[in-house]
Amino acid sequence: MEQVNSLYRCFAFISYSHRDMKVAKWLQRKLEGFRLPTQIHNDIDSKSRYLRPVFRDQSDLNAGILGDELRKHLEESKFLIIICSIHSAKSRWVSDEAKAFIEMGRLDRIIPVIIPDKDCSEQELFPIYLREYFRSYPDRELLGINLGETGKEKTIIRIVSKMLDVSFDSLWKRHLRQKRVRIISSSVVGALVLTAAYFFAIPVTLDINIDAETANLPTGDKAYLNIDGGEYGLKTGVPQFVQINIPGYKRLSRIHLHLVSQFYNPIDTAVVPGFGLRRVITLGMSRDSTFAVFGGAASIPIRLPVLR
């Protein structure tokens with residue numbers, strides 16, 4: 001294929017009626033995006049893993065004499081891919097491109113891709129000049145690739161096998177093997193992306209329940225809960241609930257909790273959110289010794305008078 005690059009500028013020239021432009025664009029995109037299997041790439045001694053470029057005329061052409069520019073593109077293309085349809089069968093322009101390619105002595109390098117029509121045979125879908133040519137030379141033939149019968153994926157492989165002069169079966173098996181590898185690779189990458197999204201993009205919700213010991217004693221001022229640097233004001237004396245979202249990338253980190261309030265023992269602890277989406281934490285606030293006398297920590301003896 002290195003030699004091909006020195007003789008031809010393009011691997012193929014796509015000839016088509018502009019009413020079949022959708023198929024022509026698809027064909028060009030798939031051929032230029034086809035990655036050669038490693039073994040075949042090594043066998044043909046090519047630096048490139050792709051069949052590029054594939055020429056597709058994009059101008060709005062009218063019937064007439066084939067222009068010098070298009071003729072030059074034909075000369076610089078190793079293969080002529082003709083999209084044969086009920087539209088191209090009537091196109092004088094497609095007919096002239098086929099004629100020019102045959103006059104260059106490249107009949108064996110024409111690849112007809114047939115868009116089937118129920119009212120026409122495959123030969124009837126060939127461009128005008130090809131139909132006339134084979135009527136004049138009935139001993140010669142040109143086998144087309146029926147897009148409807150072959151299917152899109154196999155059509156591309158058949159064209160590539162013709163362009164590289166390799167066995168279709170061999171290329172098809174290698175293509176399927178390469179396709180399986182890509183699917184497995186995509187699955188692994190997808191799993192890694194989902195794992196990364198889980199760890200880094202999806203937050204962890206911390207549900208913090210604060211249960212303060214009351215004992216019918218004064219509740220003191222507000223309590224302050226500090227969570228990893230963020231401060232939350234709370235009322236003491238009644239159960240409290242705080243909900244906070246921790247970034248996913250911190251799910252395996254230690255989250256520091258610091259709770260202080262008048263008349264209560266401070267709480268200083270740390271938790272690891274873990275792998276789940278939610279973590280429930282209960283912080284029990286116990287009274288300090290300020291009101292221990294009221295809580296029964298001290299007793300006062302009472303002496304009663306003795307009756308005589």
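Tutor: Strand β1 (residues 10-15) and strand β3 (residues 77-84) run parallel and are joined by five bridges, where strands (E, at least two residues) and helices (H or I, at least four) are DSSP runs numbered from the N terminus, and two strands count as paired if DSSP finds at least two bridges between them. This is a predicted model, in which local features need pLDDT of at least 70 and side-chain atom pairs count only at pLDDT 80 or more, while totals for chains, interfaces and linings use all residues. Residues are numbered from 1 along each chain as its sequence is written, and side-chain values use heavy atoms, with hydrogens and water left out.

Within this pairing, S15 stands opposite I82 in β3. The two strands belong to an open sheet of five strands, with parallel pairing and the order β2-β1-β3-β4-β5. Its edge strands, β2 (54-56) and β5 (145-146), each pair on one side only. Strands of a sheet pair through backbone hydrogen bonds, either parallel or antiparallel.

Two helices lie across β1 and β3 as well as β2. Helix α2 (residues 21-33) also lies across β4 (110-114), and runs at about 165° to β2, whereas helix α4 (residues 68-75) runs at about 110° to β3. Contact here means heavy atoms within 4.5 Å, and the angles, from 0 to 180 degrees, are taken between N-to-C directions of axes fitted to C-alpha atoms, for helices over the stretch in contact.

In one of them, the side chains of K179 and E153 meet at 3.0 Å, N to O. Because K179 lies in helix α9 and E153 in helix α8 (residues 152-164), this pair ties together parts that are 26 residues apart in sequence. K179 counts as partly exposed at 31% relative accessibility, and E153 likewise counts as partly exposed, at 33%; buried means under 20% relative accessible area, exposed over 50%, and partly exposed in between (1.4 Å probe, protein chains only).

Another of the salt bridges is formed by D207 and R278, at 2.8 Å from N to O. This pair links distant parts of the chain, with D207 in strand β6 (residues 204-212) and R278 in strand β12 (residues 278-285), 71 residues apart. D207 has a relative accessible area of 7%, and is therefore buried.

Notes:
A salt bridge is a side-chain nitrogen of Lys or Arg within 4 Å of a carboxyl oxygen of Asp or Glu.
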